Amino acid sequence: MRARYPDSDGVVVRDGVEIRYERYGQGQPAIFLLPTWSLVHSRHWKMQVPYLARHFTVLCFDGRGSGGSGRPGDASAYNDAAFAADALAVMDAAGIGSAVLVSVSCGSFWALRLCAEHPERVLGSVFIAPTAPLVPPLAERRAQRFGEVIDDPVGWQTYNAHYWKTHYPEFVEFFVARIFTEPHSTKQIEDATSWALEIDGETLVAAHCGLECCDAAATRRLAARLACPVLVMHGTQDAVRGYAEGEALADCTGGALVTLAGAGHFPHARDPVKVNLLIKQFADRARR
Amino acid sequence: MRARTPDREGVVQRGGVRVAYEVFGHGQPALLLIPASPITHARSWKGIVPSLARRFTVVTTDGRGTGRSDRPRAPECYAPAEVTADLLAVLDAAGIDVAVLVAHCHAVPWALCLAADHPERVAGLLAIDPAVGVAPPAPHTVESERRWAERVDAPSGWAMRNRHFWRQDGGYREWIEFFFGQQLPEPHSTKQYEDAVGWALDTDAEAMIAEREGRAAPAGSEAEALCRRVRCPVRVLHGSDDRCQPVARGRRVAELTGGDLVVLEGAGHLPHGRDPVKVTRLITGFVDGITGASMHTTTWTRGPCRPRRALYLSSPIGLGHARRDVAVAKELKRLRPELDIDWLAQHPVTAVLDAEGEHVHPASQWLASESAHVASEAAGHDLHCFQALRRMDEILVANFMVFQEVVEEGLYDLVIGDEAWDVDYYWHENPELKRGQNVWLTDFVGYLPMPDGGDREAFLTTDYNAEMIEHIDRYPWIRDRAIFVGNDEDIVPDTFGGNLPAIRDWTTRHFAYSGYITGFTPPGPDELPPLRSQLGYHDDELVCVVAVGGSGVGRALLEKVVAAYPLAKKAVPELRMIVVTGPRIDPAVFPERAGLELRGYVHRLYQHLCVCDLAIVQGGLTTTMELTAAKRPFLYFPLGHHFEQNFHVRHRLDRYGAGHCMDYATTDPDLIAARITEMAGKPVSYRDVETDGAARAAQLISELI
């Protein structure tokens, strides 16, 4: 059973892709919990929604390629512009004029686009463990060769298109363990694994390839246009996107940085109380 | 002594009337604190200014009619337009373009006028117990309001609010004493009451009458319209037990201005005096909301990942705490090597901590000086330490606010407060602010009145004791462990006063006993002779060490002892007297005599005390117990009116059979010389002082983590 069910939900269709969204609560301002990589769907916000919905209007949706939304097969359907356009369509359908954005990991790409290109719709933006390719990736990820055929890949070598098509569950097991580096995270690992297994390796390949356009230059260009308040939170033990990425994003957006010492890549799942309080504090200030 | 003195002060002059102001701090934004003058003035903000000034620029003013401002006699001088013009002039003089206004009672209408008429100067308005006529006045005030100008025979209560009565001999004072009794319905408000009455008596009946008759505050629809014209953010604080202004007025002001209302349940009309911690936090939160103070860059460490940390507070009053606390900390680290200890401490404690390589928290620099305050309270051989502690109220709250910020940011597991009066008092008054486990250490329990203080002082000490007992009774979870530095028999046989319990029984129920903590091990019989010769003392002389601690308080005693020296020297030719004057007393003020040595500072004084043949000291616990532990003969002179030295320390020394208590006032040089002759070099038979006190205290503390 869920702690809280949506007050309303719906589906918007864009370019033939169905996007399923949910809306909770009444308060001001609206908080828009954005999707992240298609590996998981909007239930990854389950520790935020009930609390935030008591204070704010909360909007979330399953990103294309996940959950109840459509799963286009073509990589071009997964670029950051498509996610950003989905987000605007969801806001329109739910009747939300402007909102505080909250994103995790590569959700930072669509958040940056919305902030830069639709500033009138954005009151502020919270980036949790953002993907911000302004600094080199983590050393352990240098082994990654996405397009190559690798015999018996190990570790980050399993971050590989060919491997996902044949050994998707093994990759999920590896990757989710990298998300949760904190001890005693079994429940969070089980949750993320089960959500990830709702899709298949082919879909994740397409979703990955769609984001290859999001490089350092594009990130920097969008970040430079940000005018809204920004809060970045990033764990020092993040083994997926290094802490330095969050630092760099806070630096180039002029945002506040909350360092989560000891936290991994999904602090909103592993340290929900602290993250909830930080989001509320930020949203309370954005209201004015 | 004030907790913080202004960085700038000045006077504005309008139409020949001078109005004084003070400016504290440099931060943004600026706050203008507007008192309900002339019945009160800028000092009424003393509990909140020091902590606000650490973040913001704070401007206070004595309104016309009181304080350091002029006291015009014509009612028209107190028209709202005049007062608001004063306030704008103060802002101009202080170089402040825009300010957040904080106004109390009948100053709120002035603040509303400023906000409505000069919106470009006002970023927000925080109104405390607003006297704004948007709801009916308190029923008990209506009759006196109506008969203000009538002649009333022998009025009492609210009817004393009468222009003729105020002009009668003593009438104004009688009214003020009644009025502030009504405004502080909270129990244990004696200090706030004394302050408020004192400020009201800074002005006089004529200025008060002129202000009252010139006030012309808007009422009814006019007042409503004024509130509606305010566009800036508004917050109203209102005491539920305010007998001056009904809460309905505060509620209505909040509604009409679109502001928020915080009802302070159980509070009277002076919450900024009686609940300064809560009021400061409400002001700070309001200002942060207005400025939208962006969230700042910070680190939060996951709970399981945090090192174990303790914050140790060591009282700077008296010299004894620092060394015993260092000893406890060392034992604690022996038991719990993983524990990090930060110290929030001030001079002279920091000197000891620095020498020991302990880590002093940088926020310590913000602490207002308690030892300077105590020194300022002393005169001759006299220190009324109970009243000195009462008058230290604004320093305690200022330092508590520093502590609270440190403890909220520092993620401490444990707070150890050795007579950290501020933490103990304000955590009991604001229990929701407690963080971590809390250890309270003290070496005395119970305020005792000095006999010459009469009924009033006995009433006050009983009231303070009652408040402490009620604190512990109501919130037993604030002190997780209370440690008495000593043994049950060290506790005086008195009661807390009135119907309150016996001190020893109550203490035994609420404290654990650690035994005394000297902070050092006295030299054994074999170590004494070499130490004595190492310090330059010879076997054929009788060494008398005279020491008075580090403050300037001891000069009177030194003078008496130096005067006794020739007589004593005549009777005891082998006498050698070492007089330690300390850093604040110039040795040159004393006459030179053969065999009399004056020293400004003596390194490791306790070693000299350990080997001397006689010591002459004040009645402080640390020094006398060092002499007791070292089994030296000594004369001690408790400071006049110092209840701790006169009762608590004396009782403890009597239990150890140690020392000879002398009354400074009735002792002349002849008597001192006679005692020196009698006691120097004579063996003593004191009870042993335990040497495991620090370890026992550390054990009691370590059980909490």
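Guide: In this predicted model, helix α4 (residues 161–179) of chain A packs against helix α6 (residues 201–210) of chain A, with the two axes 8 Å apart and an angle of about 155° between them. Angles over 145 degrees count as roughly antiparallel, and α4(A) is therefore roughly antiparallel to α6(A). The crossing of these two helices is right-handed. On the side of α4(A), the residues that meet the partner helix are A161(A), W164(A), K165(A) and Y168(A). On the side of α6(A), they are G201(A), E202(A), L204(A) and V205(A). Sorted by class, the residues of this contact comprise 5 nonpolar, 1 polar and 2 charged.

α4(A) also packs with helix α5 (residues 186–196) of chain A: the axes come within 10 Å and cross at roughly 140°. That angle makes α4(A) oblique to α5(A). The crossing of α4(A) with α5(A) is right-handed. Here α4(A) contributes V172(A), E173(A), V176(A), A177(A) and I179(A), which meet I189(A), A192(A), T193(A) and A196(A) of α5(A). By class, the contact of α4(A) with α5(A) holds 7 nonpolar, 1 polar and 1 charged residues.

Nine strands form an open sheet with mixed pairing, in the order β1(A)-β2(A)-β4(A)-β3(A)-β5(A)-β6(A)-β7(A)-β8(A)-β9(B). At its edges stand β1 (8–14) of chain A and β9 of chain B; each has a single partner strand, so one side of each is left without a neighbour in the sheet. From one strand to the next, the twist averages 20°.

Within this sheet, strand β4 (residues 57–61) of chain A is mostly covered, since 5 of its 5 residues are buried. T57(A), L59(A) and F61(A) point one way from β4(A), whereas V58(A) and C60(A) point the other way, and all are buried. Strand β2 (residues 17–24) of chain A pairs with β4(A) in the antiparallel sense over 4 bridges; E22(A) has C60(A) in β4(A) as its bridge partner. β3(A) pairs with β4(A) in the parallel sense, also over 4 bridges, and the bridge partner of I31(A) in β4(A) is V58(A).

Strand β3 (residues 30–33) of chain A runs parallel to strand β5 (residues 99–104) of chain A, and 4 bridges join the two. In this pairing L33(A) stands opposite V102(A) of β5(A). Helix α3 (residues 107–117) of chain A packs on the sheet, where it touches β5 and β6 (122–128) of chain A; the direction of α3(A) makes about 155° with that of β5(A).

At the other end of the strand order, the sheet takes in a strand from chain B. Strand β8 (residues 256–261) of chain A and β9(B) pair in the parallel sense over 4 bridges. T259(A) stands opposite T299(B) of β9(B). The contact between the chains takes 16 residues from chain A and 12 residues from chain B. Strand β9 (residues 298–301) of chain B gives the most to the side of chain B that touches chain A, with 4 residues. By class, that side of chain B has 3 nonpolar, 8 polar and 1 charged residues.

A138(B) is found in the loop between β6 (122–128) and α4 (139–146) of chain B. A residue counts as buried with 20 or more other C-beta atoms within 10 Å and as exposed with 12 or fewer; A138(B) has 16 and is therefore partly exposed. Apart from its neighbours within four places in sequence, A138(B) is in contact with R243(B), C244(B) and P246(B). The C-alpha atoms of A138(B) and P337(B) are 61 Å apart in space, and the two residues are 199 residues apart in sequence.

Y425(B) lies in helix α18 (residues 421–429) of chain B. Y425(B) is likewise partly exposed, because 18 other C-beta atoms lie within 10 Å. A distance of 9.1 Å separates the C-alpha atoms of Y425(B) and L396(B), which are 29 residues apart along the chain.

Key: Residues are numbered from 1 along each chain as its sequence is written. Chains are lettered from A and ligands numbered from 1 in the order in which they are written. This is a predicted model: local features need pLDDT of at least 70, side-chain atom pairs count only at pLDDT 80 or more; totals for chains, interfaces and linings use all residues. Two residues are in contact if their C-beta atoms, placed from the backbone, lie within 7 Å. Ala, Val, Leu, Ile, Met, Phe, Trp, Tyr, Cys and Pro count as nonpolar, Asp, Glu, Lys and Arg as charged, and the others, Gly among them, as polar. Two strands pair if DSSP finds at least two bridges between them. Axes are lines fitted to C-alpha atoms, for helices over the stretch in contact, and angles run from 0 to 180 degrees between N-to-C directions. Angles under 35 degrees count as roughly parallel, over 145 as roughly antiparallel, 65 to 115 as roughly perpendicular and the rest as oblique. A crossing is left-handed if the near helix is turned anticlockwise from the far one by less than a right angle, and right-handed if clockwise.
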